[in-house]
Amino acid sequence: MPAPSSLSPAVSPAELEARLRLHLLPELGPRRFRKLLSAFDSASAALSAPATAWRALGLPAACAEPRRSAQIRERAAAALHWLDKPGQHVLMWDDPAYPALLGELTDAPPLLFVAGDPDVLEAPQLAMVGSRRASRPGLDNARAFARSLAGGGFVITSGLALGIDGAAHQGALDGGGKTVAVLGTGLQCLYPRRHVGLAAQIIEQGGALVSELPLDCPPQASNFPRRNRIISGLSLGVLVVEASPSSGSLITARLAAEQGREVYAIPGSIHHPGARGCHQLIRDGAILVESIEHILEALRGWQAPAVQPTSAPLASVEHPLLALLHAAPHSTEALVQASGWPLSQVLAALTELELDGLVCTEAGRWLARSR
């Protein structure tokens with residue numbers, strides 16, 4: 001058994017093992033975990049207490065019965081072995097090293113597994129979330145904003161999902177910044193598998209992977225909304241880049257508002273379903289964002305020292321066709337009608353803009369891209 005981590009100086013090896021065992025019990029969420037530690041003063045004492053004492057606290061039998069099982073002991077031992085390796089940590093809610101903002105939550109995770117640098121969790125963080133099925137302009141915006149915000153001194157926090165999450169992580173890395181990925185699985189069950197390489201890059205560049213779930217917890221649908229409170233809880237604010245009204249990103253935004261965090265949203269075309277969630281948030285009081293200055297103004301003074309922040313414009317609008325495409329996606333025929341140009345001139349201009357990376361096509365319509 002390893003000695004207690006330097007991040008948890010007050011916890012003995014026996015108490016660490018006992019907390020890992022408690023954490024593995026079914027139906028034992030953050031509030032019940034704290035109730036046990038408050039009632040018995042330690043996890044070790046809680047595990048030794050009779051089942052009647054657990055029932056007296058209102059805990060179900062399903063929670064109490066397996067606490068001394070061989071399987072729970074084996075999984076706790078495996079977690080201790082994982083913690084014995086460099087760059088792998090566990091932070092506990094009563095630990096001075098536990099992220100202060102997250103610790104304010106009434107349902108803050110009692111244990112937080114971290115792969116990478118745990119110190120990054122205390123740096124000023126800005127969460128970026130959005131659709132898994134994002135449009136090309138949405139992905140471009142996520143990368144551009146993350147790159148600029150990371151350059152402005154913020155750690156970018158997201159959920160490692162496909163779409164906007166992945167683009168936000170990558171944008172921060174491309175800008176030489178750090179990023180934190182909060183998983184909806186255990187750290188030994190990275191999901192989606194397509195982002196295993198991205199996860200490794202996050203750690204290599206000084207960021208961290210974080211999860212409240214047991215290390216061996218596989219993907220389960222109910223765990224992904226649950227982790228959203230951690231994404232917002234770690235952050236000073238949440239930027240929603242692109243989201244439908246049914247997107248899980250709106251759950252993160254709602255939790256952020258309840259936690260007293262700022263909520264930001266990037267508007268989009270009224271014809272694009274992925275913009276409707278952002279428009280709903282703006283109607284509900286979210287700050288409309290068109291450049292990073294709108295975020296930096298609200299969070300001035302929170303940034304860590306960094307390179308001079310640069311603006312992340314949505315794209316140059318000097319070209320007449322770009323001006324039309326920033327207003328809304330258009331088909332080629334619609335651009336001909338709106339611009340008054342002949343078809344040959346529109347096609348030639350679109351070809352040049354596409355080669356410059358300023359426009360793209362999706363579902364037969366042209367869209368403006370960010371650079």
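**Notebook: sheet and helix packing**

I looked up the sheet first: nine strands form an open sheet in the order β1-β2-β6-β5-β4-β3-β7-β8-β9, with mixed pairing. Its edge strands, each pairing on one side only, are β1 (88-92) and β9 (287-288). I took two strands as paired if DSSP finds at least two bridges between them. Helices (H or I, at least four residues) and strands (E, at least two) are DSSP runs, numbered from the N terminus.

This is a predicted model, in which local features need pLDDT of at least 70 and side-chain atom pairs count only at pLDDT 80 or more, while totals for chains, interfaces and linings use all residues. Residues are numbered from 1 along each chain as its sequence is written, and side-chain values use heavy atoms, with hydrogens and water left out.

Five of its five residues are buried. Q88, V90 and M92 lie on one side of β1, H89 and L91 on the other, and both faces are covered. In a regular strand the side chains alternate between the two faces of the sheet.

I then followed the pairing. β1 and β2 run antiparallel and are joined by five bridges; L91 stands opposite L112 in β2. On to β6 (residues 208-211): four bridges join it to β2 (residues 111-116), again in antiparallel pairing. F113 has S211 in β6 as its bridge partner. Helix α1 (residues 13-23) packs on the sheet and touches β1 and β2, its direction making about 105° with that of β2. Contact here means heavy atoms within 4.5 Å.

**Helix α8**

I found α8 (residues 136-151) lying across β3 (125-129), β4 (155-158) and β7 (237-240), at about 180° to β3. Axes are lines fitted to C-alpha atoms, for helices over the stretch in contact, and angles run from 0 to 180 degrees between N-to-C directions.

α8 also packs against α9 (residues 164-174) at an angle of about 35°, the axes being 7 Å apart. The α9 side of the contact consists of I164, A167, A168, G171 and A172; residues from α8 include G138, L139 and R143. By class I noted eight nonpolar, two polar and two charged residues. Ala, Val, Leu, Ile, Met, Phe, Trp, Tyr, Cys and Pro count as nonpolar, Asp, Glu, Lys and Arg as charged, and the others, Gly among them, as polar.

Methods
Buried means under 20% relative accessible area, exposed over 50%, partly exposed in between (1.4 Å probe, protein chains only).
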